[in-house]
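Here are my notes for a first reading.

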Amino acid sequence: MWTEEYWHISENSPEDDGRRLCITAKKEKTRIMNVLEELLGFGVVPVVVIKRKEDALPLAEALMKGGLKCAEVTFRTDCAAEAIKEMTDSFPEMLVGAGTVLSTEQVDRAFEAGAKFIVSPGFDPEVVDYCLSKDIPVLPGVATPTEAAQGVKRGLKILKFFPAEQAGGLPMIKAMAAPYVGLRFMPTGGINAKNLPEYLGSDKVAACGGSWMVKGDLIEAGEFGRIEELTREAVELVKKIRG
Ligand code: 3PG
């Protein structure tokens with residue numbers, strides 16, 4: 001599923017330096033592939049908006065108990081970085097990344113807080129190139145072949161497809177994937193327990209992002225038991241679909 005091109009190694013250095021850089025780059029590439037492979041292996045990536053930092057831990061606990069050891073914490077609130085730090089400090093086995101990342105400054109804050117991957121709603125070349133230069137796994141959003149081409153040009157093999165339902169859903173993913181052999185997508189936006197089977201049933205879909213099990217009103221009402229229940233249902237659904 002993963003290919004060498006995900007990470008490019010090209011350094012014009014003296015022989016020794018070049019060899020060392022190649023080995024380092026290869027290790028980094030493997031690490032990045034492992035992070036993304038682990039993330040996509042969950043099938044579903046919960047997209048979380050945390051307004052109060054005290055909700056971060058009970059939320060992480062609910063996800064963990066429900067069987068989903070990952071989360072994309074969006075940089076839409078002031079406490080996003082703190083929430084990521086709390087979650088990763090308390091649950092080091094959890095794969096926590098940052099979503100809605102719109103600037104290189106946010107990439108730095110997310111990474112310092114412990115984020116293991118970066119997700120953006122759109123394809124911002126500056127943010128993508130910055131992540132690539134720092135060996136940070138990045139999933140930029142695309143909705144058109146022109147944007148997908150930017151990712152392909154950089155050797156990316158997985159792109160977020162956003163906003164999935166509004167931008168044409170699975171038919172659009174299949175049409176976009178046709179010319180780009182090997183490219184797969186993480187559709188996000190409008191995905192729920194009903195349409196998950198359709199998306200995850202496609203070999204062009206690596207995983208789906210969504211907020212249906214971690215809705216803002218549930219978090220704000222402190223309904224972490226319900227979040228755990230919905231998470232468990234999502235995990236069961238993924239198992240059923242993927243076998
Ligand atoms: C978002 O932008 O909030 C994500 O794409 C999640 O979308 P959803 O709430 O439709 O799942």
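1. Thr100 sits in the loop between strand E3 (95-99) and helix H4 (104-113); helices (H or I, at least four residues) and strands (E, at least two) are DSSP runs, numbered from the N terminus. Thr100 is not a glycine, yet its phi is positive, about 50°.

2. This is a predicted model, in which local features need pLDDT of at least 70 and side-chain atom pairs count only at pLDDT 80 or more, while totals for chains, interfaces and linings use all residues. Residues are numbered from 1 along each chain as its sequence is written, and side-chain values use heavy atoms, with hydrogens and water left out.

3. A cis peptide bond links Phe162 to Pro163, with omega near -10°. Pro163 belongs to the loop between strand E7 (158-161) and helix H7 (169-177).

4. Which residues are around the ligand? They are Val47, Arg76, Phe162, Thr188, Gly189, Gly190, Gly210, Ser211 and Lys215, where near means that a heavy atom lies within 4 Å. By class, this shell has two nonpolar, five polar and two charged residues (Ala, Val, Leu, Ile, Met, Phe, Trp, Tyr, Cys and Pro count as nonpolar, Asp, Glu, Lys and Arg as charged, and the others, Gly among them, as polar).

5. For Ser211, a side-chain N or O atom is 2.5 Å from an oxygen atom of the ligand. For Arg76, a polar side-chain atom lies 2.7 Å from a ligand oxygen. Gly190 uses a backbone N or O atom, also at 2.7 Å from an oxygen atom of the ligand. On its own the ligand has 310 Å² of accessible area (Shrake-Rupley method, 1.4 Å probe), and the protein covers 78% of that.

Note on methods: A polar contact is a pair of N or O atoms within 3.5 Å; within protein, one must be able to donate a hydrogen and the other to accept it, and residues adjacent in sequence count only if both atoms are side-chain atoms.
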